[in-house]
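Here is a short report on side-chain contacts in one protein model.

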Amino acid sequence: MLADREDGLSRGEAVTSVYRIIRPDGEVRWIQDRGIPVIDESGNFVDFTSVLFDITDRQESEGRYRSLVEMSPDLIAVYSRGKLDYINEAGCKLFKAKSPEELVGQPISMLIPPDVLAHIKNRELAIDEDFEEKLWFEFKATQIDGQKIDVEMSAMPILYEGRMAEQIVGRDLTQRKKAEKTIKYMAYYDVLTGLPNRNMVRKHLNAALSNGSGKLAVLFLDLDRFKIINDTKGHRVGDLLLKVVATRLKNAVREQGLVSRQGGDEFIIVLKDFGKEQIIEVAERILNEFNEGITIEGQEFFVTPSIGISMAPADGQDEETLIKHADTAMYLAKDRGKNNYQFYTDKLHGLSSRKMELENGLRKALEQNQLMLHYQPQVNLETWKIIGVEALVRWVHPEKGIISPAEFIPMAEETGLIVPLGKWVLKKASAQNKVWQEKGYSPIPMSVNISVRQLQEDRFIDSVKQVLFDTQLAPKYLDFEITESVMQNSEKTALILDQLKELGITLAIDDFGTGYSSLSLLKHFPIDKIKIDKSFVDDIIHHSNQGAMVKTIIDMGHNLQFDVIAEGVEEQEQVEFLLKNGCVVGQGYHFSRPLSVEAMEELLIKNNEGTLL
């Protein structure tokens, strides 16, 4: 740099140099040195004069600005006369350029769309006080490889190297746009199934109602048995099942309506401009879609829909009322055997409110001592001696009176209240059996129904041990009755049942023959007894097959070395058939209905004395 300075001065040229000096105190100062040569008459260099300027503040300011620009995570660029004059490293990365040289000097139109450039140009041509106004744009920019990205950009006029130019600052919005799109999707669509969600269906319904759509139907659908599968096989299998259900519903509805998922195993379907016959046609197509099982990971599951239907304007003129009435009709479908559809009628008014009242009431029933146990004897069919007792829960509501277990047990299963309810029953029944033994009655096992939800509780085994410890009841006097549905999570179920067996508790399959258990699995479980469901026992005298199914179950039970108990025995003819075919234990109204503690004790006293029922 020094040689260049000397050369310039020797030629008689004024030379400006910029350099740093360090003061004695260590402070660094930037100096601008303008050297002016003195030339004699012959044109020879004689001397020079220097004019020094302290430009430290300006130099540091420019350095800070340059540093901020180069290190900025945002695109910063300058263009003039239609070409790019400068772009920082972030801008190069944004447009996938390897270096600024790839872009500098190129037409700015290769980076910014013509319509945006035209808007900036119009501002440049406007001669008013808004000349220095900053402009904001969002647009699709094209990278060097041709890929489109979303860009946010501001532009404002500046002086650059002595000429008017535009400085632009921008950033990539692609990820933010994707996030916004995802958030919007999640607001209106179910992430699991891809179906519209409750927000979308309400928006759709409100729009249809406000547009004065005449015929409008809402179908509220709930899957029967799904909760059992979800509890036994786990949420992953449950989620896979719901995806298949969503596909089947779309297949059934086709393009004729909106299929949405409310949450859990509840779905809503909206049909516009449909008459009742067309609605029935769609409902029956839905039912038909579930005639076949659903195979998940090599295992077949059976779920069926219960469908409630409301129609506008007869059953409601706003989305909330229509959905509520369709929900109410759905509960009627469940009460009528499930796997069917029911239309809402005025007669159903109050059904859903009763369900809500009962749900809230059941929570209080456990706290306010409204629950009680009744006991039904299990009898040796040959001697009529009582060889066991089943504990059955009853709810005595302070205002509504006796509420049927058929009404509140399914509700307890749905809401999860079955867990605390089941704990209460187990503790109460175990304590009662111990009291009877202490009174001197012949020791007999107490049967207690255990739900799938209870078995899935992490501390279930610990709670059983605690009950046995608290009541001091020997485990051999406790029978657990479980349903076939527990077989659908065979690995976990086997582990729990093995632990119960190790405690000494007897295990029975309740309502045998009504579920979907696999015999190949059943023989590997530590089961002691199977209970033939009442519906099969009824067939002995009320069906053309004359008990063929009962005989088959008895034979199979014996082959698997299970004890067999017949439920729902009501006629002597059934007793004779059961004995003839090798079933020696029965339970039902032919011997005794479920009894209070006091009435059951009277039977136990007779049992002690050897008196027949």
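In this predicted model, the charged end of Arg248 sits over the ring of Phe290, 5.9 Å from its centre. Lys203 is placed in a like way: its charged end sits over the ring of Tyr188, at 4.7 Å from the ring centre.

**Aromatic pairs**

Searching the whole structure gives six aromatic pairs. One of them joins Tyr341 and Phe343. Their ring centres are 6.3 Å apart and their planes meet at 85°, so this pair is edge-to-face. Tyr341 is buried, at 19% relative accessibility. The cut-off for buried is under 20%. Phe343 is buried too, with a relative accessible area of 14%.

Tyr375 and Trp436 also form an edge-to-face pair, with 5.1 Å from centre to centre and 70° between the planes. Tyr375 belongs to strand β16 (residues 371-380) and Trp436 to helix α13 (residues 418-438), so the pair ties together parts 61 residues apart in sequence. Tyr375 is buried at 1% relative accessibility. Trp436 is buried as well, at 2%.

**Salt bridges**

The count of salt bridges comes to 24.

| Pair | Closest N to O |
|---|---|
| Asp150 and Lys140 | 3.3 Å |
| Asp538 and Lys534 | 3.0 Å |

Where do Asp150 and Lys140 lie? Asp150 is in strand β7 (residues 148-160) and Lys140 in strand β6 (residues 135-142), so their bridge ties together parts 10 residues apart in sequence. Asp150 counts as buried, at 16% relative accessibility. Lys140 is partly exposed, at 47%.

The bridge between Lys501 and Asp528 links distant parts of the chain, 27 residues apart. Lys501 sits in helix α16 (residues 490-503). Asp528 sits in the loop between α17 (519-522) and β22 (529-532). Lys501 is partly exposed, with a relative accessible area of 31%.

Asp538 and Lys534 share helix α18 (residues 534-542). They are four residues apart, about one turn of the helix. Lys534 is partly exposed, at 33% relative accessible area.

Salt bridges also link Glu138, Arg176, Lys177 and Glu180 in a network.

**A buried loop residue**

Asp265 lies in the loop between β10 (257-263) and β11 (266-272). Is Asp265 buried or exposed? Asp265 is buried, with a relative accessible area of 4%. Leaving aside residues up to four places away in sequence, Asp265 touches Leu221, Asp222, Leu223, Phe226, Lys227 and Leu242.

Note on methods
Residues are numbered from 1 along each chain as its sequence is written. This is a predicted model: local features need pLDDT of at least 70, side-chain atom pairs count only at pLDDT 80 or more; totals for chains, interfaces and linings use all residues. Side-chain values use heavy atoms; hydrogens and water are left out. Helices (H or I, at least four residues) and strands (E, at least two) are DSSP runs, numbered from the N terminus. Buried means under 20% relative accessible area, exposed over 50%, partly exposed in between (1.4 Å probe, protein chains only). Contact means heavy atoms within 4.5 Å. Rings of Phe, Tyr and Trp (its six-membered ring) pair if their centres lie within 6.5 Å; planes under 30 degrees apart count as stacked, over 60 as edge-to-face and the rest as tilted. A charge sits over a ring if NZ of Lys or CZ of Arg is within 6 Å of the ring centre and within 35 degrees of the ring normal. A salt bridge is a side-chain nitrogen of Lys or Arg within 4 Å of a carboxyl oxygen of Asp or Glu.
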